[in-house]
Every structure is written in C-alpha cells, then in structure tokens.
Amino acid sequence: ELVERLFEEPRLDAPRSLEALGMPETGIDRAVELVMQNTYSNPREPDALALRHMLRQAWKGVSPDPTD
C-alpha cells in the first residue's frame, strides 16, 4: 500500500521508472543475466522469467503489484 501511494503522489518529483533513470531497455536482459550468474543467498532461487517481468514493469514505471 505504501509503494502504491508513493507512485500516486504528485508532489514526489522523482523518476518512476528505470528508463527515466537512464537504463536502456537492453539493460533488462543484461540485469537478468547478471542475477542468474551471481546467485547469492536468497530465500528462493531466482526465476529468470519472473525477474525479467519485474524489471520490465519497473523499466516502464508500472507500480509494483503486491500480489506478484
């Protein structure tokens, strides 16, 4: 709920996407590649498809879905 409110807050003049931060769209695949090559101790194994989906949404500036 807090993240959703931050995305909707018009007074918050901050980039809302990875694209606005300067990440090229091709950076999504590179980021996924790096995560899959460097799996650190996590509660669950990284899933390349889920990670790509999450990063694509973040690149577009889509508010995170807490049910994902």
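**The whole chain**

The model is predicted: local features need pLDDT of at least 70, side-chain atom pairs count only at pLDDT 80 or more, and totals for chains, interfaces and linings use all residues. Residues are numbered from 1 along each chain as its sequence is written, and side-chain values use heavy atoms, with hydrogens and water left out.

Begin with a cartoon view, which shows three helices and zero strands, in the order α-α-α from the N terminus. Helices (H or I, at least four residues) and strands (E, at least two) are DSSP runs, numbered from the N terminus.

Next, colour the chain by pLDDT, the predictor's confidence in each residue, from 0 to 100. The mean for the protein is 85, and 82% of its residues reach 70 or more. Among the elements, α2 has the highest mean pLDDT (95) and α1 the lowest (68). Where pLDDT is low, the predicted coordinates should not be read in detail.

A surface view exposes about 5600 Å², of which carbon and sulfur atoms supply 55%; accessible areas come from the Shrake-Rupley method with a 1.4 Å probe, and for residues only the protein chains shown count as cover. Of the 68 residues, 10% count as buried. Buried means under 20% relative accessible area, exposed over 50%, and partly exposed in between (1.4 Å probe, protein chains only).

**The nonpolar core**

Select Ile28, Val32, Leu51, Leu55 and Trp59, the five residues of the largest nonpolar core. Such a core is a set of buried Ala, Val, Leu, Ile, Met, Phe, Trp, Tyr and Cys residues joined through side-chain atoms within 4.5 Å. The elements giving two or more residues to this core are α2 and α3 (48-60), and α3 supplies the largest share, three residues.

Centre on Ile28 and display its contacts (heavy atoms within 4.5 Å). Beyond its neighbours within four places in sequence, Ile28 touches Met23, Arg52, Leu55, Arg56 and Trp59.

**The salt bridges**

There are three salt bridges to find, each a side-chain nitrogen of Lys or Arg within 4 Å of a carboxyl oxygen of Asp or Glu.

- Select Arg56 and Glu25, whose side chains meet at 2.8 Å, N to O. Arg56 lies in helix α3 and Glu25 in the loop between α1 and α2, so the pair ties together parts that are 31 residues apart in sequence.
- Move to Arg52 and Asp29, which meet at 2.9 Å, N to O. This pair links helix α3, holding Arg52, with helix α2, holding Asp29, 23 residues apart.
- Finish with Arg30 and Glu33, at 2.6 Å, N to O. Both lie in helix α2, three residues apart, about one turn of the helix.

Select Ser17, in the loop between α1 and α2. Is Ser17 buried or exposed? Ser17 counts as buried, because its relative accessibility is 12%. The Ser17 side chain reaches the backbone nitrogen of Ala20 at 2.9 Å. Leaving out residues up to four places away in sequence, Ser17 touches Ala58, Trp59, Lys60 and Gly61.

Pro15 is the last stop, in the loop between α1 (2-8) and α2 (26-37). Pro15 is partly exposed, with a relative accessible area of 48%. Its contacts beyond four places in sequence are Ala20 and Leu21. The C-alpha atoms of Pro15 and Gly61 are separated by 8.5 Å, although these residues are 46 apart along the chain.

Methods: Polar contact = N/O pair within 3.5 Å; in protein donor to acceptor, adjacent residues only side chain to side chain.
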